[in-house]
Amino acid sequence: MAGGTEAWRASGLRWEAPAGSPLTPDQARRYSRHLLMPEVGPEGQARLLDARVLLVGAGGLGSPAALYLAAAGVGTLGIVDFDVVDVSNLQRQVLHTTDRVGVPKVESARAAIGALNPEVRVVAHDAMLGPENVAAIIDAYDVVVDGTDSFETRYALNDAAVRLGIPVVHASVYRFEGQLTVFDAADGPCYRCLYPSPPPPELAPPCSVAGVLGVVPGIMGMLQANEALKLLLGIGDPLVGRLLLFDALETSFEELRLRRDPDCPTCGDAARTGRADAAPAPGPVPVPTSAGAGAPEVFDLPWPPRPASA
Ligand SMILES: [Zn+2]
C-alpha cells in the first residue's frame, strides 16, 4: 500500500501492534522514546502503565513530579491535598493556572494531568494525611512521592510506609536549598532515623514564611520523579541511604551517606523483630562519608530539618 503503515493507520484503518507487544499502537507512539531504550522497552512501559504512585501534596514538589510521571505513562497517580489554588502558588506550582485560582488543588491537578495524558487515572484524595487515614490511603500504591509541607504529616507517612513496606521518595526545600533521599523500609534508614522528632516550629519556617526560589522545588520534584521511575522499573541505583543536597546559588550537589538507627522506634531492630512481617536484618550500617569513627548519628545532617514547599 502506498504510504506504508503510517498512511494505513492515519486513514483510520485497523492496525494492531506487533504480536506479543503489551502496548496499543497509540501507546507505542506516545512512549516511543522509552521503547527505544532497552532499560525500559515495551515491558518496562507496560509496567509503568500498571504502576500506582501517590503524590503527597500537589504543590511545588508535587507539580513537576506529577507532570513528568503522567508524561511517562505511570497509569495511576493518587494526589493528596486539601488546599485550594492560591495566586501565590503559581510562582512554582506549575500544575496550576491563573484561571484555576480558588479551585481545589486535586481538581486543578486532574485537569492538568488529563490535558497532558488522558490515559492516566487520577485518584483525588481531598484530605489531610494524618495518623488516622495514612495507612488506608497509601496501601493502594507502589511508591509514595513525599512533597508535604507539614512535619506531622511527614512522620505519620514515614511510620505507615515503613510498616507497610512502601518506598517513599522524600524531598524538601528551603530558600535556595533542596534535599532528596529515598526511604526504603526494607533496606535503608527512615525519616525518623535522621530526625527522631520534629524541630521547634520557629527553627523550621515553611516557605510561606522563609521564601523559596521557584525553580528549587521544580528541580527537586523532577529528581523525585526520576527516583520513582527507577523504583518502578527496577533500574539504576536508587537514592537509598544517601541524602542529596542541592545548592541553587552554587549550582552544586553534595551527597551524604545515611545510616539506619538500630534504636529507631519505627524501623530499628526492636520494631523489626516485633513485626510479623519483619524485614531481614540489614547488612553493614553505612557510615556518613565525611564522618570519623564514632561520629554522632546526625552530626552532619542539615539542622533543622527542612520543610517542603507549600
Ligand atoms: Zn528509622
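Biologist: At what angle do helix α5 and helix α11 pack, and how far apart are their axes?

Modeller: Two packed helices are described by the angle between their axes and the distance between the axes. Axes are lines fitted to C-alpha atoms, for helices over the stretch in contact, and angles run from 0 to 180 degrees between N-to-C directions. Here α5 (residues 62-72) and α11 (residues 215-233) pack at about 40°, with axes 7 Å apart. Helices (H or I, at least four residues) and strands (E, at least two) are DSSP runs, numbered from the N terminus. Residues are numbered from 1 along each chain as its sequence is written. In this predicted model, local features need pLDDT of at least 70, side-chain atom pairs count only at pLDDT 80 or more, and totals for chains, interfaces and linings use all residues.

Biologist: Which residues of α5 meet α11?

Modeller: Two residues are in contact if their C-beta atoms, placed from the backbone, lie within 7 Å. Gly62, Ser63, Pro64, Ala65, Tyr68, Leu69 and Ala72 are the α5 residues that meet α11, where their counterparts include Gly218, Gly221 and Ala225.

Biologist: In what order do the strands of the sheet stand?

Modeller: Two strands pair if DSSP finds at least two bridges between them. Here 8 strands make an open sheet with mixed pairing, in the order β3-β2-β1-β4-β5-β6-β7-β8. Strands β3 (121-125) and β8 are at the edges with a single partner strand each, so one side of each has no neighbour in the sheet. Helix α11 lies across β1 (52-56), β4, β5, β6 and β7, and runs at about 170° to β5.

Biologist: Which strands run antiparallel to β7?

Modeller: Strand β6 (residues 177-183) is joined to β7 (residues 242-247) by 4 bridges, running antiparallel. Strand β8 (residues 252-257) is also antiparallel to β7, through 6 bridges. Leu245 of β7 is the bridge partner of Gln179, and Glu254 in β8 is the bridge partner of Leu245. By contrast, β4 (residues 143-146) and β5 (residues 168-174) pair in the parallel sense over 3 bridges.

Biologist: Where does pLDDT stay under 50?

Modeller: pLDDT is the predictor's confidence in each residue, from 0 to 100. Its mean for the chain is 86, and 82% of residues reach 70 or more. Over residues 276-299, however, pLDDT stays under 50. Where pLDDT is low, the predicted coordinates should not be read in detail.
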